[in-house]
Amino acid sequence: MTTTVEPDRRTARDAREGAGAAAAPEEELPSPPADEEDIPVPPGAPRALLRALLGPHRARIAVAMAVILLQQAALQSGPLLVAIAMDRGIPALREHDAGPLIAVISAYLCFALLSTVLQWAFIRISARINQDILLELRGRIFRHAQRLSLDFHERYTSGRIISRATSDVDALRELLSEGLQELLTVFLSVCYISVLLLVMDWRLGLVSLASFVPLFLIARSFRSRSRRVYRRSRTSAASLIVRFTETMNGIRPVQAFRREQANDAAFGVVNRQSATATADGLLEIARYVGLSRTTANVWITGVVLLGAFLVTDGAVELGVLTGFVLYLRRLFDPIDHLAMFLNSYQSAAAALEKIAGLLAHEPTVVEPAEPAKLPEPRGAAGERVVGREVRFEKTHFAYRTGKEVLPAFDLVLPAGRTVAVVGATGAGKSTVAKLLARFYDPTGGRITLDGVDLRDLATAELRRGVVMVTQESFLFSGTVAENIAIGRPGATREEVEQAARDIGAYEFIAALPDGFDTDVRKRGGRISAGQRQLVAFARALLADPAVLILDEATSSLDVPGEQAVQRAMRTVLAGRTAVIIAHRLSTVEIADRVLVMDQGRIVEDGTPEELIGGAGRFAELHQAWRDSLV
């Protein structure tokens with residue numbers, strides 16, 4: 001009987017998904033994430049997010065609206081001036097009076113120049129507003145994703161969050177930078193031209209405006225049909241990113257178990273779904289443009305025929321009819337632009353919905369409204385000590401699956417003592433560690449630190465008092481010194497180096513090409529797994545916490561490295577409350593107390609010597625471990 005490692009849930013899941021999960025035959029590949037796996041969107045969340053983003057820019061938006069109003073007024077004067085030139089300027093010129101025609105031409109050129117300048121001003125103002133909104137939105141997504149609790153990140157893959165911050169934000173950028181300008185242009189054009197048509201001739205004007213009825217029905221049908229298409233498109237785009245990200249994160253098991261071909265087939269499924277959704281969107285655009293163009297051409301033909309009869313009867317002047325035709329072309333030509341706007345709008349609306357769902361998701365581990373203060377830790381004779389007492393009081397906990405992992409768990413960890421927790425996979429060891437670090441809140445009961453419920457502590461104070469080192473030993477891009485200093489950002493270089501000495505990492509760090517200034521690169525890939533673990537230890541020790549949790553933290557160390565860490569830990573953990581989730585039983589030897597867990601309960605409790613000398617599970621585990629060393 002041997003002790004096995006309780007794997008980190010997310011690491012194990014990502015590895016399975018990245019490697020293609022060998023449990024299924026290749027012809028029955030897992031389907032991509034379905035819509036119901038997306039982050040839920042509360043009612044009204046997209047509108048609330050839009051108001052929050054636009055609110056700080058009301059003044060600049062008002063200026064931009066005023067500019068575009070004037071620009072469109074200047075632009076739409078053109079056909080009216082042409083009509084005036086034909087009906088007033090040319091007849092006057094026949095009478096050798098060039099004044100009216102020169103005045104009309106001068107006005108035409110001045111309005112054209114004014115329209116160009118105002119168009120430039122509008123683009124400049126709106127571009128700044130758009131970029132500020134997108135800058136704020138990306139920042140919100142990043143900050144909020146960091147705030148969300150561990151259960152969220154274990155439920156939804158990182159690829160889905162990446163999709164929100166990249167492809168979904170890009171969809172909004174396309175709408176803001178191009179679509180809204182097109183919408184404003186079309187809307188103002190319709191308003192101005194409608195009024196001018198009625199003023200020029202009410203009969204032809206009414207006939208022309210009647211075209212809005214079929215065009216409105218066509219646009220409404222397009223919007224209804226395309227909404228479903230673009231929601232599917234945003235979901236399939238997220239699935240592509242999820243599949244790609246998880247495969248690259250699990251590239252080692254992918255290559256080790258020759259899952260490239262199977263993963264390629266699985267990626268092909270989501271890739272084809274994305275392509276199909278995109279193609280469906282393009283088909284909807286083609287359908288809309290074809291119907292709207294046909295309607296527009298038929299209406300222009302009818303207006304020209306009616307206008308010709310009215311000109312023949314002398315009821316309408318030729319210049320007015322010419323102006324009508326020019327205005328109708330301006331009225332119907334933006335139909336293609338409107339289709340592109342509706343295309344961008346549907347895509348952006350689906351993206352905004354996805355982003356709003358993410359930002360509306362609140363952390364399950366919440367900050368207390370009125371944080372409590374921890375008492376000053378003191379020893380029996382008034383001497384200050386580092387460690388604090390930890391109590392699990394009738395603590396219940398269940399993951400989202402509904403299965404209870406800890407049923408009525410009671411435990412007291414005296415201040416300044418080192419406790420090792422061992423047991424088989426699924427016994428609840430890592431759950432105890434995560435609850436103590438408050439990555440989760442218990443579903444029943446409470447956990448206290450020197451009598452204060454963890455839920456009543458401000459997150460910053462809790463993180464200063466309780467530090468956890470996991471088996472992942474994650475390092476950020478940057479130097480070794482920067483990675484160690486994360487434990488206490490204000491630490492001096494001497495304190496960083498001293499932490500490395502205490503943990504036994506100084507020699508290997510000093511031997512690196514640039515010593516403590518060596519860039520470890522992405523995920524610390526420049527140094528070995530054992531060295532990354534030592535750096536993570538030094539980072540935790542520099543933080544100087546009251547409670548230190550080591551969750552399988554020595555699993556990546558070789559024998560010399562483990563021995564060096566154990567020597568350092570005897571000194572460093574003195575006076576500190578420590579919880580060691582043990583994989584290697586050699587680590588247990590430095591503990592004051594050993595707990596053996598099974599199905600969320602403590603089945604053995606005692607010193608290492610007592611349990612080794614007994615006849616229980618720990619004695620069996622210890623004997624099996626010793627036999628494995630022979």
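In the predicted model, strands β1 and β4 run antiparallel and are joined by five bridges. Within this pairing, H396 stands opposite G444 in β4. Strand β1 spans residues 390-398, and strand β4 comprises residues 444-449. A further antiparallel pairing links β1 to β2, here over six bridges, with F392 facing L411 of β2. Strand β4 in turn pairs with β5 in the antiparallel sense over two bridges, and L449 is the residue that stands opposite V452 in β5.

Taken together, these pairings give an open sheet of four strands in the order β2-β1-β4-β5, with antiparallel pairing. The edges are formed by β2 (404-413) and β5 (452-453), each of which pairs on one side only. In general, the strands of a sheet pair through backbone hydrogen bonds, in either a parallel or an antiparallel arrangement. Helix α14, made up of residues 429-436, lies across β1, β2 and β4. The direction of helix α14 makes an angle of about 115 degrees with that of β1.

The surroundings of V405 were examined as a local case within the sheet. V405 belongs to strand β2, and because its relative accessibility is 14%, below the 20% limit, V405 is classed as buried. When neighbours within four places in sequence are set aside, the contacts of V405 are F397, A398, Y399, G428, T431, Q599 and G600. Of these partners, F397 and A398 fall in the range of β1, residues 390-398, while T431 falls in the range of helix α14, residues 429-436. The C-alpha atom of V405 is also separated by 8.0 Å from that of A427, a residue 22 positions away along the chain.

At the level of the whole protein, the model contains 23 helices and ten strands. Of its 630 residues, 48% are buried. Among contacts with a sequence separation of 6 or more, 79% are between residues 24 or more positions apart. The accessible surface amounts to about 31200 Å², and carbon and sulfur atoms contribute 59% of this area.

One nonpolar patch on the surface is formed by I105, Y108 and L109, which together have about 300 Å² of accessible area. I105 is located in helix α5, which covers residues 99-147. With a relative accessibility of 45%, I105 counts as partly exposed, because this value lies between the limits of 20% and 50%.

Charged side chains were considered next. The structure holds 21 salt bridges. One of them is formed by the side chains of D132 and R60, with an N to O distance of 2.7 Å.

R203, at 31% relative accessibility, is partly exposed, whereas D201, at 8%, is buried.

In a further salt bridge, the side chains of R593 and D605 meet at an N to O distance of 2.8 Å. R593 lies in strand β9 (residues 593-598) and D605 in strand β10 (residues 601-606), so the interaction ties together parts that are twelve residues apart in sequence. D605 is partly exposed, with a relative accessible area of 42%.

Terms used
Residues are numbered from 1 along each chain as its sequence is written. This is a predicted model: local features need pLDDT of at least 70, side-chain atom pairs count only at pLDDT 80 or more; totals for chains, interfaces and linings use all residues. Side-chain values use heavy atoms; hydrogens and water are left out. Buried means under 20% relative accessible area, exposed over 50%, partly exposed in between (1.4 Å probe, protein chains only). Contact means heavy atoms within 4.5 Å. Accessible areas come from the Shrake-Rupley method with a 1.4 Å probe; for residues, only the protein chains shown count as cover. Two strands pair if DSSP finds at least two bridges between them. Axes are lines fitted to C-alpha atoms, for helices over the stretch in contact, and angles run from 0 to 180 degrees between N-to-C directions. Patches are made of residues with over 30% relative accessible area and no salt bridge: like charges are joined within 9 Å, nonpolar side chains (Val, Leu, Ile, Met, Phe, Trp, Tyr) within 5 Å. A salt bridge is a side-chain nitrogen of Lys or Arg within 4 Å of a carboxyl oxygen of Asp or Glu.
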